Amino acid sequence: MQTLNEMSRVQLDAPRPTPLIQVEGVHKRFATRGGDVVALEGVSLDVAEREFISLLGPSGCGKSTLVRLLAQLDRPTEGSLRLNLPDVDRTAVSVAFQDYSILPWKTVENNVAFGLRMQGRSKKAALAIAHEWLDTMKLAGFEKAYPAQLSGGMKQRVALARALALDPALLLLDEPFAALDAQMRQLLQEDILRQWEHDRTRTAVAVTHDIDEAILLSDRVVLMTARPGRIKEVFDVPIARPRTPEVRYEKAFVELRHTIWESLREEVQAKVAAP
Ligand code: ADP
Ligand code: MG
């Protein structure tokens, strides 16, 4: 007979047939004064529950557009996009955008605590969680500061703390480290990696320009073409978890970096050559 423990493990490990994200034949066009801009053209992508996916591609290829569609801030012109979010008592989606999206009139701690308060937590509990995340984001001591008093990189860390503190089923990150210096970026990548692997209950889609970051964090790296954005290639990351920062020096990592760059280089060149 199975023990209760074994039974629950079997259930947890059972395959989940329905992907958490199902994007099918999505086109997105924007009408502008200069004519239609095709931002996405025929994008199809499934993301499994608990998967970490990175989107990589030259600027203007539609990465942010795709994230906005996933966040349901906008709708596809054509095609379908389904989120099969687990029906649990948990924030469904949270987003950290490259332009910070934090509230200028709230202190740092209240920016992070705000969403937690909306979830119904007490002020004390919300602040306690906020302080933990601010600590992780190397912002201890800035709890009472206002966004205007912070550098770009610090604001970005506040936005990240806010998104992560909500512990969403789906985490969307749009270049969350873009404004950080290289060292801070590396430290936070490692924090996110550790956090991610600690509980493995979230699904994430992260936009980045940084191939190493994409490989370090992701289960799969999705490479997009220069505009109009299509999916060019999807790379599985053949590196076991839990990962340490040292995996950067492993053969599989170095080879994958090279392969991805060869493919990305063509797109960057195509973009430069375009009128
Ligand atoms: P990325 O994030 O990959 O740099 P975006 O998704 O921001 O690219 O943009 C893709 C293309 O769509 C770009 O050419 C951009 O100018 C255009 N675009 C994005 N949002 C809008 C909008 N609201 N109106 C018009 N054009 C847009
Ligand atoms: Mg973008």
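I began with strand S3, which pairs with S8 in the parallel sense over four bridges. Pairing here needs at least two bridges found by DSSP between the two strands. Helices (H or I, at least four residues) and strands (E, at least two) are DSSP runs, numbered from the N terminus.

I noted the ground rules next. This is a predicted model, where local features need pLDDT of at least 70, side-chain atom pairs count only at pLDDT 80 or more, and totals for chains, interfaces and linings use all residues. Residues are numbered from 1 along each chain as its sequence is written, chains are lettered from A and ligands numbered from 1 in the order in which they are written, and side-chain values use heavy atoms, with hydrogens and water left out.

**Entry 1: strand S3**

I looked up the partners of isoleucine 53. In S8 it stands opposite arginine 220. In S7, isoleucine 53 has valine 205 as its bridge partner. S7 covers residues 203-207, and S3 pairs with S7 in the parallel sense over four bridges.

Is S3 buried or exposed? S3 spans residues 52-56, and five of its five residues are buried. I take buried as under 20% relative accessible area, exposed as over 50%, and partly exposed as in between (1.4 Å probe, protein chains only). Phe52, Ser54 and Leu56 cover one side of S3, and Ile53 and Leu55 the other.

**Entry 2: the S1-S2 hairpin**

I moved to S1 (residues 21-32) and S2 (residues 35-47), which pair in the antiparallel sense over nine bridges. A hairpin of two residues links S1 to S2. Phenylalanine 30 faces valine 37 in S2.

**Entry 3: ligand 1**

Which residues are around ligand 1? I listed Phe30, Thr32, Val37, Ala39, Ser59, Gly60, Cys61, Gly62, Lys63, Ser64, Thr65 and Arg227. The test is a heavy atom within 4 Å of the ligand. By type, the shell holds four nonpolar, six polar and two charged residues. Ala, Val, Leu, Ile, Met, Phe, Trp, Tyr, Cys and Pro count as nonpolar, Asp, Glu, Lys and Arg as charged, and the others, Gly among them, as polar.

I then checked the oxygen atoms of ligand 1. One is 2.6 Å from a polar backbone atom of glycine 60. An oxygen atom of the ligand is also 2.5 Å from a side-chain N or O atom of threonine 65. For arginine 227, the distance from a ligand oxygen atom to a side-chain N or O atom is 3.0 Å. On its own, ligand 1 has 560 Å² of accessible area, and the protein covers 64% of that. Such areas come from the Shrake-Rupley method with a 1.4 Å probe.

S1, S2 and helix H2 (63-70) each give two or more residues to the shell. The largest share, three residues, comes from H2.

**Entry 4: cis bonds and positive phi**

Most residues other than glycine have a negative phi, and most peptide bonds are trans. I looked for departures.

Arginine 227 and proline 228 are joined by a cis peptide bond, with omega about 0 degrees. Proline 228 sits in the loop between S8 (220-224) and S9 (231-236). A cis peptide bond also joins arginine 241 and proline 242, with omega about -5 degrees. Proline 242 is in the loop between S9 and helix H8 (251-273).

Glutamine 72 has a positive phi, near 60 degrees. This residue is in the loop between H2 and strand S4 (78-83). Aspartate 167 has a positive phi too, near 45 degrees. Its loop runs between helix H5 (152-165) and strand S6 (170-174).

How exposed is each? Glutamine 72 counts as exposed because its relative accessible area is 57%. Aspartate 167 has 31%, so it is partly exposed.

**Entry 5: two more residues**

I looked up serine 94, in strand S5 (residues 93-96). Its relative accessibility is 4%, so serine 94 is buried. Beyond its neighbours within four places in sequence, serine 94 contacts residues including Ala163, Leu166 and Pro168. Contact means heavy atoms within 4.5 Å.

Threonine 107 is buried because its relative accessible area is 10%. Neighbours within four places aside, threonine 107 is in contact with Glu143, Lys144, Ala145 and Tyr146.

How values were computed: A polar contact is a pair of N or O atoms within 3.5 Å; within protein, one must be able to donate a hydrogen and the other to accept it, and residues adjacent in sequence count only if both atoms are side-chain atoms.
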